[in-house]
Amino acid sequence: MIYKVSFAIALCFSLCFDLCIAESYVLDDKVGLGRTFDGIGGLSGGGATSRLLVNYAEPYRSQILDYLFKPNFGASLHILKVEIGGDAQTTDGTEPSHMHYENDENFFRGYEWWLMREAKKRNPNITLIGLPWAFPGWVGHGKNWPYDFPDITASYVVSWVLGAKQYHDLDIGYVGIWNERNFDSKYIKALRDTLDKVGLTGVGIIAADGNWDVSNAMGVDPYLNDAVEVVGAHYPGTTTVMEALKTQKKLWSSEDYSTFNDEVGGGCWARILNQNYVNGLMTATISWNLVASYYEDLPFGRDGLMTAEEPWTGNYVVESPIWITAHTTQFSQPGWTYLQTVGHLVHGGSYVALTDSKGNLTVVIETMTHDHSVCIRPPLLPFNVTAQNVSFQLKGSFASIKELQVWQSKFDFKTKKPFFFKKLSPLKIYDGSFTLSLDVDEVYTLTTISTGQKGTSSDPPASGPFPKVYKDDFNVANPSFSEAPDFADQTGVFEYYINLTDPGPHVFTLRQVVTQRPVTWATDADQTISIIGDYKWQNLTVMCDVFMETVKTGGVFVAARVDKGGQSVRSAKGVFFWVFADGSYKVTNDLVGKTVLAEGLSGTRAYGWHTLTLTVEGEYATGLLNGYPLWKDAVVLGPKNGWAAIGTHSFELVQFDNFAVEAK
């Protein structure tokens, strides 16, 4: 009994000793400074991740934008990176190119121009970046590779940069290099030369927006090294490589996070924002994606800093990553400098410190545990974090600081009562030091900056499903955006169109405009398709007027229960009702058209309007052409639910009008 009591006392003393004795850390600028901080950002695109945002009504749309970009309000982002649309599927949809064809230029397509303007309106100092994930087919000259003609590709990208300034007064700070397969040194050099020739010497190149391999080539190619301003990697796992460090260039995590935005996702973001610098000396981290504003059942649903996927209700959710971002962005700015005295805490977690070299200091501490901070990629090796006391000694120019503002976030996975970005009482500094008691899964900011604020807006409307009855006649003479509301293009581009040759009821239509397979890294379908509605829909009627513009080989469809999109669109199943310009029809169970449920003659031709009506009820489907039965009671093999959709047989011109859906 005496041994057991003595052991218990010893164990208690040991635990108390571990918690009561504070490990000591030094924050000192006299030993020299670290690298210059370049900011925290979000990525719109790669692809179509902000698609539904533009369809929000006010004031909700502006509230969402405030949480993302407004200084001292929410995430207060320093960087906005956008996709340079390439008419191709790039993860969750397609974004339109400013040059569908070689002799075509239009700098008002899509929504990225609008998003950059809105970001700049809120934060005039925000850094803007453009990156193409894909290219129109003409850039590749028939190949699925954009770099065989580097001067052409460079001119294409530079025209986008010039258009941003000429038409939207937007100064692009950087352009990235498409590198899902491999970087191309000749193209990087051509891009640098083309930028310089048109006076864009201040626009930097980020290479290679993939892994660190470009740094090997930069080490042996001085011209390539001079052409690249930032070495950027995707999902680096908080580490870099020696070759990248040897370039002495800025190192960025130019795409990161990509994790479901629940509290584990927030923990992932908290850990990598600190440790990308502590472990990898990366001075900027950019989240894919900025805001999850696409149908949730597409790939990587809710992998954004916040969620805004219901423009039909106005509902949105300010998720924990917004406030984790604020711990850094509201209290440090690009141009500040990391201290050399940053690192890991003895009992797990990390700390960084930044200064503006004018007397201000910001310290960010995170104690995220392994299981509560796992990102979607790469795999995370085991590590331990325990509660601990820490003591910080302020030296150098910080020794005279008497008080620090304190902000805290706590991920409470036990009681499920977390709180985020809570302002605590100021911390008094005595004899140049302070002590904190840190629990696991916490984030602290201690700062001399007093302007931080947890912004609030009126509560958004309640969440709700997509309307069961939906109609769009596309009669918009001067649309604010080129896409029709709520349609999410998955292959091809469907744009508002004015049909000047038709004096009848079909003057304003929606038109699929991509006529050549684009250069893409994703598995685009050979057919074009745009989805809409509620993924849970089972029994529904879809109706649309269609107008084929390709004689004999043209084809068009309406569909229900479409079960896949994004990178998986090629294997989409559902019920597809096709008519063709050769006078035939077909009903298939898949987008590729291999599983045929019914087929026959339709009498349809190009350059004439036809009305397609598809009804799916239980295990059976029926189709009408121009209001008359064409086929009925086709047995549906599956799936049981999915979106409605419209699309074309190939990359061809087709117009759509008077779309309607009614779900039960």
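Predicted model: local features only at pLDDT ≥ 70, side-chain atom pairs only at ≥ 80, totals over all residues.
The side chain of Ser 602 makes a polar contact of 2.7 Å with the side chain of Thr 604. And what does Ser 602 touch once we set aside its neighbours within four places in sequence? The contacts are Phe 580, Gly 583, Ser 584, Tyr 585, Leu 625 and Leu 630.

Next, let's move to a strand. Strand 17 covers residues 388–395, and it is largely enclosed by the rest of the structure, because 6 of its 8 residues are buried. Which strands pair with strand 17? Strand 1, residues 23–28, pairs with strand 17 in the parallel sense, over 6 bridges. Here you can look for Ser 24, which stands opposite Ser 391 of strand 17. Strand 20, residues 433–438, pairs with strand 17 in the antiparallel sense, also over 6 bridges. In that pairing, Gln 393 stands opposite Ser 433 of strand 20.

Now for a helix. Helix 3 spans residues 112–122 and is mostly covered, with 8 of its 11 residues buried. Those buried residues are Glu 112, Trp 113, Trp 114, Leu 115, Met 116, Glu 118, Ala 119 and Arg 122.

How many cavities of 30 Å³ or more does the structure hold? There are 4. The largest cavity has about 90 Å³ of space. Its lining has 14 residues, and Trp 113 is one of those nearest the centre, along with Gly 85, Pro 96, Arg 109 and Trp 160. By type, that lining divides into 5 nonpolar, 5 polar and 4 charged residues.

The second largest cavity has about 60 Å³ of space. Among the residues lining it are Arg 51, Asp 92, Tyr 294, Tyr 295, Glu 483 and Gln 490. Its lining divides into 5 nonpolar, 2 polar and 4 charged residues.

Notes
Residues numbered from 1 in each chain as written. Heavy atoms only, no water. 1 Å grid on protein atoms, 1.4 Å probe; cavity = no way out; pocket = protein on both sides within 12 Å on 5 of 7 lines; lining within 4 Å. Points joined across faces, edges and corners; volume = space filled by probe spheres on them. Nonpolar A, V, L, I, M, F, W, Y, C, P; charged D, E, K, R; others polar. Buried < 20%, exposed > 50% of the residue type's maximum accessible area, 1.4 Å probe, protein only. Helix = DSSP H or I, 4+ residues; strand = E, 2+ residues; numbered from the N terminus. Polar contact = N/O pair within 3.5 Å; in protein donor to acceptor, adjacent residues only side chain to side chain. Contact = heavy atoms within 4.5 Å. Pairing = 2+ DSSP bridges.
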